[in-house]
Amino acid sequence: MTFHVATCAGLGGRHLSSAFRKLRTLCGITELHSLPSRRYSEGGRLDFMERNQLPSPTSAPADPSTAPHVPVMVEEVLGFLAQKDKSRVILDLTFGSGGHSRKLLEASPGVRLVCLDRDPLAYSFAQDLQQQYPRRVLPLLGRFSDLPTLLTRLKIEQGFFDGILMDLGVSSMQFDTSARGFMLSQDGPLDMRMDGARDPEQITAANVLSHVDEDSLYKVLKYYGEESHARILARALVESRYLFQRLESTKELANLVSSLVEGERRTDRLGRHAHPATKTFQALRILVNNELNELDYAMRLSQYYLRPSGVLVAISFHSLEDTIVKRHLQGVDLDQTPATIGLGVAKHRTALSTYSKTEMDSLTAKPWKSLTKHVVLPSELEVAANPRARSAKLRAALRV
Ligand SMILES: C[S@@+](CC[C@H](N)C(=O)[O-])C[C@H]1O[C@@H](n2cnc3c(N)ncnc32)[C@H](O)[C@@H]1O
């Protein structure tokens with residue numbers, strides 16, 4: 001398990017106040033889910049016309065005024081996942097507005113897609129795409145952690161997919177709609193749920209700020225936001241409960257954080273001015289949506305549902321996500337690795353010799369073979385045309 005996921009699990013430990021413990025329970029998955037039992041599928045591939053088996057969305061009809069999301073690194077994604085002359089089934093785990101899915105369908109007539117998203121708006125876009133490609137698109141509404149249930153319902157088993165795509169983070173439709181509560185520049189309710197109102201149990205960012213204790217908030221800001229002023233901000237945000245009314249809008253939070261780190265000039269990777277509350281917003285968003293646990297689980301699911309030699313493409317947008325992807329691809333699971341296996345293997349030959357060859361093979365076996373020597377970054381041209389691509393990092397790997 002990765003450092004960041006371990007950190008996240010640590011937030012659920014004995015340090016938590018009862019209020020925050022309750023929040024975590026409300027948060028959805030707090031433990032990693034177990035995978036379905038190991039079963040190989042021979043033939044019996046999915047009939048894409050079985051629409052009656054699909055779950056239906058519970059809210060949020062499509063809003064045609066919402067700006068569509070511009071997909072990032074499309075050529076690279078197609079290079080790994082689209083092969084003109086081959087019939088393949090690809091799982092798009094993060095459908096969004098379907099930019100990548102659409103390109104895959106256009107690039108190779110043999111491609112069929114299962115399209116997942118937790119956002120009912122994205123799901124309705126996937127249904128629209130299904131209207132256009134009735135036999136090639138199957139929309140699913142849910143989180144990564146719902147996938148085993150959704151796929152079991154469809155009788156999809158281990159090793160089914162030829163390719164899996166995950167394009168992480170929030171979509172422009174979510175980010176640019178002030179009512180969703182992700183925006184710093186426009187006022188809206190402090191919400192940040194990618195699922196919208198679909199899950200009445202899911203906490204909002206305002207719920208977090210009105211209940212969380214100071215130490216837990218400090219950890220959230222420090223680890224999820226990588227915020228250097230985490231201690232000061234956590235104290236002030238908790239104290240603000242007693243001084244003002246509850247923090248309920250994005251502007252209230254953004255203004256309060258700005259006033260606390262006043263005078264400090266913050267910039268993004270392109271050297272452009274960054275709002276002082278950017279990291280606070282990132283931290284809350286990750287917590288509200290349980291993003292790192294979801295990602296960790298999605299990496300395990302990818303290994304399970306890809307066939308041998310199937311291809312995973314993962315695009316991440318900040319170092320916490322990329323670290324999780326990278327560690328899975330490298331087969332590093334620090335929780336499982338015996339302390340005796342360090343970098344200087346020769347030094348530990350005596351300790352190592354206590355393991356049988358089979359045990360050593362299973363301990364050191366890598367589940368993935370990387371398809372790129374280094375992480376792949378977007379071209380300057382792409383970043384100039386779409387500044388949101390600037391922090392994208394793509395990794396692709398073959399399931400061994
Ligand atoms: C960056 S957008 C994907 C954009 C998409 N590739 C496109 O071209 O339109 C990420 C999407 O992933 C979805 N998402 C993020 N985490 C998820 C999770 N744990 N389960 C399901 N969907 C998730 C979000 O709701 C969002 O719509």
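This is a predicted model: local features need pLDDT of at least 70, side-chain atom pairs count only at pLDDT 80 or more; totals for chains, interfaces and linings use all residues.
Figure 1. Helix α9 spans residues 214–224, and because 8 of its 11 residues are buried, the helix is largely enclosed by the rest of the structure. Just after α9, E226 adopts a positive phi of about 50°.

**Figure 2. The protein chain as a whole.** The secondary structure of the protein chain consists of 17 helices and 7 strands. Of the 400 residues in the protein chain, 41% are buried. When contacts between residues at least 6 apart in sequence are considered, 73% join residues at least 24 apart.

**Figure 3. The open sheet.** The 7 strands of this open sheet are arranged in the order β3-β2-β1-β4-β5-β7-β6, and their pairing is mixed. At the edges lie β3 (137–141) and β6 (368–370), each of which pairs on one side only. From one strand to the next, the twist averages 20°.

Figure 4. Strand β3 is largely enclosed by the rest of the structure, because 5 of its 5 residues are buried. V137, P139 and L141 point one way from β3, whereas L138 and L140 point the other way, and all are buried. The pairing of β2 with β3 is parallel and comprises 5 bridges. Within this pair, V114 stands opposite L138 in β3.

**Figure 5. Strands β4 and β5 with their packed helices.** Strand β4 (residues 161–167) runs parallel to strand β5 (residues 306–316), and 6 bridges join the two. D167 stands opposite I315 in β5. Helix α3 (residues 74–81) lies across β1 (88–92), β4, β5 and β7 (393–399), and runs at about 175° to β5. Helix α14 (residues 319–329) also packs on the sheet, where it touches β5, β6 and β7. The direction of α14 makes about 20° with that of β7.

**Figure 6. The largest nonpolar core.** This core contains 94 residues, of which I90, L113, C115, I164 and V313 touch the most other members. Helix α13 (residues 291–305) provides the largest share of the core, with 8 residues. Leaving aside neighbours within four places in sequence, I164 is in contact with I90, L91, L93, S302, Y305, L306 and L312.

**Figure 7. Helix α4 and its packing.** The buried residues of α4 are G99, H100, S101, L104 and L105. These buried residues pack against α3, β1, β2, α5 (120–132) and β4. Helix α4 (99–107) also supplies at least two residues of the shell around the ligand.

**Figure 8. The shell around the ligand.** The ligand is surrounded by 21 residues, and the closest are P71, T94, G96, G99 and E294. One of these closest residues, G99, is also among the buried residues of α4. Strand β2 (111–117), like α4, supplies at least two residues of the shell. Grouped by class, the shell holds 6 nonpolar, 9 polar and 6 charged residues.

How values were computed:
Residues are numbered from 1 along each chain as its sequence is written. A residue is near a molecule or strand if its C-beta atom, placed from the backbone, lies within 6 Å of it. Helices (H or I, at least four residues) and strands (E, at least two) are DSSP runs, numbered from the N terminus. Ala, Val, Leu, Ile, Met, Phe, Trp, Tyr, Cys and Pro count as nonpolar, Asp, Glu, Lys and Arg as charged, and the others, Gly among them, as polar. A residue is buried if 20 or more other C-beta atoms lie within 10 Å of its own, exposed if 12 or fewer, and partly exposed in between; C-beta atoms are placed from the backbone. Two strands pair if DSSP finds at least two bridges between them. Axes are lines fitted to C-alpha atoms, for helices over the stretch in contact, and angles run from 0 to 180 degrees between N-to-C directions. Two residues are in contact if their C-beta atoms, placed from the backbone, lie within 7 Å. A nonpolar core is a set of buried Ala, Val, Leu, Ile, Met, Phe, Trp, Tyr and Cys residues joined through C-beta atoms within 7 Å.
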